[in-house]
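Subject: Structure handover

Hello,

Here is the structure you will be taking over. My notes on what was found in it follow below.

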Amino acid sequence: MNESEIQNFWNQNPCGDFQVGGLQQRRGDYQAFFTDYDSFRYRKEAHILQCLDNINFKDKQVLEIGLGQGADSEQMIKRGAIWSGLDLTTESVDRVKTRLLLRQLAHQSVKQGSAVQIPYDDKSFDIVFSHGVLHHVPDILAAQREIHRVLKPGGELIVMLYARWSLNYLISIGFVRRCGLLALYHQKRDLGGIFGQHLANARAAGIRRYLHMDNFIHKNTDGPQNPYSKVYDLRMVKKDFSSFNVVSSYKKFMHAPPLPVRWLPLEHILGWHLWVHMQPV
Ligand SMILES: C[S@@+](CC[C@H](N)C(=O)[O-])C[C@H]1O[C@@H](n2cnc3c(N)ncnc32)[C@H](O)[C@@H]1O
């Protein structure tokens, strides 16, 4: 797995862009786009704001890794963070710089680069925050070493990773989506859309290989073109983040499309988002 493939994917599919109709379709009206994106994000994933409220950002040197549209960046700055950012793609960096400028949000710097080679000095941050990013980094051992390097002693790493023990992974991706694809596989019609892309992937890779969970997982978290995703339980977190001790963890977000599970009061057991707070060893 080559990082430029991952970079190309995120450059061409800026996180959440299509879900609110796309920045290009707004004729570059950034303000309207950010407003729509943020209200969509925090309506769908309202727990994020509550989680951020529970973290003390005030006057802390914070590095955010993996910025997407910069929605959480704005929230952290508004909660008092002395904020710096890093993203693999120029698309995200440009969007976030525009957001910070338009909304006059005080910050330190925004850099383009990778979590596996962080372009910031040793021991410069109290908090490294990374939501929905590090499960897309194949060389996670290098990334966690780099995060350890830039954190001050006694600092904190806060991540959201996809949860293995979740309704989404175990039932939706592991069973419903695989059965659905198998049932559609012999369709001769061109189905188009997301099903059509999965069918094209399956035909290119071979159906047995495509449906193997080690492969299928990549194509079922952030769209069928996504090159790389990993799902975590706490044992795997401890293994992959070996320079850290886990301080606390919790699961959020009942999400298992196409199953209508939003209302199920089971997010703390089977939620899709595993938040983990860690401290450097
Ligand atoms: C799924 S989006 C998450 C964005 C945002 N944190 C959120 O929750 O919406 C993943 C983001 O991480 C960035 N990314 C992926 N791999 C990265 C890496 N190795 N280093 C830094 N950023 C990375 C992508 O460019 C993309 O903007």
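Helix α2 packs against helix α5 (residues 90–102) at an angle of about 100°, and their axes are 11 Å apart. The two helices are therefore roughly perpendicular to each other, since an angle of 65 to 115 degrees counts as such. Please keep in mind that this is a predicted model.

The contact between these helices involves several residues on each side. From α2 come Tyr30, Gln31, Phe33, Phe34, Tyr37 and Asp38. They meet Arg95, Thr98, Arg99 and Leu102 in α5.

Arg203 lies over the face of Tyr185, at 5.5 Å from the ring centre.

Next, the aromatic pairs. The model has 11 aromatic pairs. One of them is formed by Tyr250 and Trp275, which are stacked, with 6.1 Å from centre to centre and 20° between the planes. Tyr250 belongs to strand β6 (residues 244–252) and Trp275 to strand β7 (residues 273–280), so this pair ties together parts that are 25 residues apart in sequence. Are the two partners buried or exposed? Trp275 is buried, with a relative accessible area of 1%. Tyr250 has 27% relative accessibility and therefore counts as partly exposed.

Gly16 and Arg41 are 25 residues apart in sequence, and their C-alpha atoms are 8.4 Å apart in space.

Last, the cysteines. How many disulfides are there? The count comes to 0 disulfides. For a disulfide, the two cysteine sulfur atoms would have to be within 2.5 Å. Two cysteines can be described by their accessibility. Cys15 has 32% relative accessibility and so counts as partly exposed. Cys179, at 37% relative accessibility, counts as partly exposed.

Regards

Terms used. Residues numbered from 1 in each chain as written. Predicted model: local features only at pLDDT ≥ 70, side-chain atom pairs only at ≥ 80, totals over all residues. Heavy atoms only, no water. Buried < 20%, exposed > 50% of the residue type's maximum accessible area, 1.4 Å probe, protein only. Phe/Tyr/Trp six-rings, centres within 6.5 Å; stacked < 30°, edge-to-face > 60°. Helix = DSSP H or I, 4+ residues; strand = E, 2+ residues; numbered from the N terminus. Lys NZ or Arg CZ within 6 Å of the ring centre and 35° of its normal. Axes fitted to C-alpha atoms, helices over the stretch in contact; angles between N-to-C directions. Parallel < 35°, antiparallel > 145°, perpendicular 65-115°, else oblique. Contact = heavy atoms within 4.5 Å.
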